[in-house]
Amino acid sequence: MEADRTSGSAGDAYEASSPPAATLALLAGVLVVHLLADLPPRGFEFACAAAGCAMLVPRPTRLVGFALLGFAWCALRAGMALDARLPVALEGGDFDVVGEVIDLPLRRADATRFVFRPERVRDGDDVLASGGEFRLGWYGEAPADLEPCSRWQLRLRLKRPRGPVNPGGFDAERHALERGIVATGYVREDAGNRRLDPPAACIDGTRARIAAGIDARVADPGVAALLRALAIGDTRGLGEREWEVARATGVAHLLSISGFHIGIAAMFAALVVRLAWRGVPSLGLRMAMPIAQAPAAFATALGYGLLAGASLPTLRTVLMIAVVALARCSRRAIGGVQALAYALLAILVADPLATLSPGFWLSFGGVALLMLCMAPAPRAGLRAGLRQLGTAQLVMSLGLLPLTIGFFGQASAAGFVANFVAVPLVSFVVVPLCLLAVLALLAWPPLAAPLLALAAAGVGPLWALLESIAQWPGAQLQFAEPPAWALALALVGATWALLPRALPARPLGLLLMLPLLWPPRASPGHAAFEARVIDVGQGLSVLVSTRSHALLYDAGAKYPSGFDLGRAAVIPALHALGVSDLDLLVVSHGDSDHAGGAAAVLSVFPRADRLAGEPARSGIAAAPCAHGQSWRWDGVFFQMLAPEDGAPDAPRADNDRSCVLLVSGAGGRLLLTGDIGRRIEPAVAARVRPGPPLVLVVPHHGSRSSSSVEFVHALAPAAALVSAAWRSRFGHPHPQVVARYAEAGIPLWNTADAGSLAVSFPADGPPTPVQGERIRHPRYWRERPAPAQP
């Protein structure tokens, strides 16, 4: 009998673990797709699906079958999503589009950003397929009735999703694929732009009304923005400063509706049902209380999840609640692991591309870690509760550290303290008050004001405390971009260190995290250096690194909207490349696309020395650069070739005031030219003496006003690098300039095509071939670079 009982338990355990195992196998197949540089040819997915189905029958191959099905399904969905993007041949064209505004438009001083779901796309007389969504800008003052759910006829200029590609940078094309964005663009001025009919009732319209209701009842705009984020996941009012504080303190997850908040809403609904059944005992004769609680909790979670914008953490929690509710209604017991597995399975089946989002991994990974590593509290009480809270914060901080570094290149050293204070206050006080305020705004608006006042009384002091914590030295830690093996090793180590105490040698797991925290990096040798042209779109930023020094030449643009390429692209690239100290910042001249990001860079590297071609226009305190300045770092010689010493810093823009810097190593040279034009190109060329092979950063992004025939032939560079935006409105690089380099037999590389450009200048040989980031790290969702010319 005992043997039979043991055998039955083992069988039950196998059955119980079967859904999680199958789901993990499905996830593994999906992950393999995301590691590919190219999707498999059409038809291969169906062969994989057929093989996977055949392998589901024999038990030994069942998990392989699920993995093949995951691969096939994800590859098929990814191929369909990429096919839905705007055709390459139609990029830059104007289209007449009828569609609906979805989500919440973001209004700024320079433009209104919104997402548009097309119903009909017309290119002249041709009607195009209209799957997916468009991310658009309406420059100037957009109509006041550009509201969620409103239908419009608009004249749009569209292009395929594309963005800068840098080490440690935001991957705009991956994000577009995950969100279903098939084109980006802007609204053209056209007499035919018009609203077609009043908006229908929709969730986003309700969210907009709730957001307006909160703004009208909370006097402090900053606190109102925080309450909107906590109540309905509306983060439009949060600026860069708020996000910096959130990142430095590790509470960014609280500024969006998390799964825990959805759980609180579901528990509130279950409590209401419980009180009703206790108040009216006869209800129990019609339906058992647990059976009634299940659909009430699910309906509340679903409704609040939709109001919160249906983010991945909310969907994960809603699906888990749905699984538990279904089990309750069918009178079947289900554990947390099975509920999580079914929620994961539902998301993989509905949208396997959701796995491209960092939120997917942080959400499911966080819950899985808590289930795996947290033991139930042995007793109730305040002390036990605080202990559990502290343990949970430790598990989340350490367990998710590898993913946080892998996705964002940073972590919060103050996160444990900040979350220990913020999580209970936000989750058990502020969010319930916000929930009640949302209900009041929908049902009885006069009651919303006192509820919001109470929530504001909690948020205001908390945010002031978080701002103070964010100023602690080392509150936010930056990390170099780790190799894939270091990330995998750290994930194993973090899990090992957090497993229950019965596991031997748990502290050794921390040692496996060391390569992630201090990744191995090869520095240039003596008299050698490396150069990296950072992809900043229409602008310039070049990092020059010797064995122990780093120089940044220009810092990208800052736009009137406040979008700063220095903060968004340059700083993450510097951190990812392992730059902990910047020795010198050179701002070639005062144009915004070169100087705009300088202030942001100096806010992170305040000890850097500064030189500028136009100090008065550079936006920073800097000494003027001048011909004749020179210095030597680690055997590498730096020489300023222009502007002339004593040339006036004119109040008007003057591209020829650009700092021109020649960097010379033992095996190669780099010439940084800013935006100089033909007028001073002969003087610059005359100062470049014969020497090792030269790599040229093309003047003025390849403008027609520079790169004269004489300049190109006098320098005869081994390679020429252009920093320009994709489909630049300035037409950079100009076709005549491209042809000029091609005729001279000089390979021309463009960041718009290849992403960030890297060149090494070893001491014992010529410069290495140029490496574009899109080529070094190809991904199936990224546009392919054009080959270097010629």
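Colleague: How many residues does the largest nonpolar core have, and which have the most contacts inside it?
Modeller: In this predicted model, the largest nonpolar core has 57 residues. Nonpolar side chains tend to be buried together in soluble globular proteins. Inside this core, the residues with the most contacts are Ile214 and Leu227.

Colleague: Which helix gives the most to this core?
Modeller: Several helices each supply at least two residues, including helix 5 (203-217), helix 6 (221-232), helix 8 (259-279) and helix 17 (448-470). Helix 16 (415-443) is also one of them. The most, 13 residues, comes from helix 16.

Colleague: What does leucine 227 contact, leaving aside its neighbours within four places in sequence?
Modeller: Leucine 227 is one of the core residues with the most contacts inside the core. Its partners beyond those neighbours are Ile214, Val218, Val430, Cys434, Leu452, Ala455, Ala456 and Val459.

Colleague: How many residues are in the second, separate core?
Modeller: This core includes Cys48, Ala354, Val367 and Phe479.

Colleague: Where is proline 352, and is it buried or exposed?
Modeller: Proline 352 sits in the loop between helix 12 (336-350) and helix 13 (358-373). Its relative accessibility is 0%. Buried means under 20%, so proline 352 counts as buried.

Colleague: How far apart in space are proline 352 and tryptophan 73?
Modeller: In sequence they are 279 residues apart. From C-alpha to C-alpha, the separation is 7.5 Å.

Colleague: Which strands stand at the edges of the open sheet?
Modeller: Eight strands form this sheet, in the order 15-14-13-12-11-10-23-24, with mixed pairing. Each edge strand has a single partner strand, so one side of each is left without a neighbour in the sheet. The edges are strand 15 (623-624) and strand 24 (771-772).

Colleague: In which sense do strand 11 and strand 12 run?
Modeller: A hairpin of four residues joins strand 11 to strand 12. Four bridges link strand 11 (residues 542-545) to strand 12. Valine 544 has leucine 551 as its bridge partner in strand 12. The two strands run antiparallel.

Colleague: Which residue in strand 13 stands opposite leucine 551?
Modeller: Strand 12 pairs with strand 13 over three bridges, in the parallel sense. Opposite leucine 551 stands leucine 584.

Colleague: What is the bridge partner of leucine 584 in strand 14?
Modeller: Strand 13 (residues 584-587) and strand 14 (residues 609-612) run parallel, joined by four bridges. The partner of leucine 584 in strand 14 is aspartate 609.

Colleague: Which residues of strand 12 point one way, and which the other way?
Modeller: Strand 12 covers residues 550-553, and the four residues are all buried. Ala550 and Leu552 point one way. The other way point Leu551 and Tyr553.

Colleague: Which side chain of opposite charge is nearest to glutamate 681, and how far away is it?
Modeller: Glutamate 681 lies in helix 24 (residues 681-687). Its contacts beyond four places in sequence are Ile676, Pro699, Ser706, Ser707, Ser708 and Phe711. Glutamate 681 is buried yet has no salt bridge. The nearest side chain of opposite charge is arginine 678, at 5.6 Å.

Colleague: Which backbone oxygens lie by the side chain of arginine 669?
Modeller: Arginine 669 is in strand 19 (residues 669-672). With a relative accessible area of 9%, arginine 669 is buried. A polar atom of its side chain lies 2.6 Å from the backbone oxygen of arginine 689. At 2.9 Å lies the backbone oxygen of proline 692.

Colleague: With which side chain does the side chain of arginine 782 make a polar contact?
Modeller: Arginine 782 is in the segment after helix 28 (773-776), and it is buried at 15% relative accessible area. Its side chain also reaches the backbone oxygen of histidine 777 at 2.8 Å. Among the residues arginine 782 touches are Val165, Glu173 and Arg774. The side-chain polar contact, at 3.0 Å, is with aspartate 171.

Conventions: Residues are numbered from 1 along each chain as its sequence is written. This is a predicted model: local features need pLDDT of at least 70, side-chain atom pairs count only at pLDDT 80 or more; totals for chains, interfaces and linings use all residues. Side-chain values use heavy atoms; hydrogens and water are left out. Buried means under 20% relative accessible area, exposed over 50%, partly exposed in between (1.4 Å probe, protein chains only). Lys and Arg count as positive and Asp and Glu as negative; His and the chain ends are not counted. A salt bridge is a side-chain nitrogen of Lys or Arg within 4 Å of a carboxyl oxygen of Asp or Glu. Contact means heavy atoms within 4.5 Å. A polar contact is a pair of N or O atoms within 3.5 Å; within protein, one must be able to donate a hydrogen and the other to accept it, and residues adjacent in sequence count only if both atoms are side-chain atoms. Two strands pair if DSSP finds at least two bridges between them. A nonpolar core is a set of buried Ala, Val, Leu, Ile, Met, Phe, Trp, Tyr and Cys residues joined through side-chain atoms within 4.5 Å.
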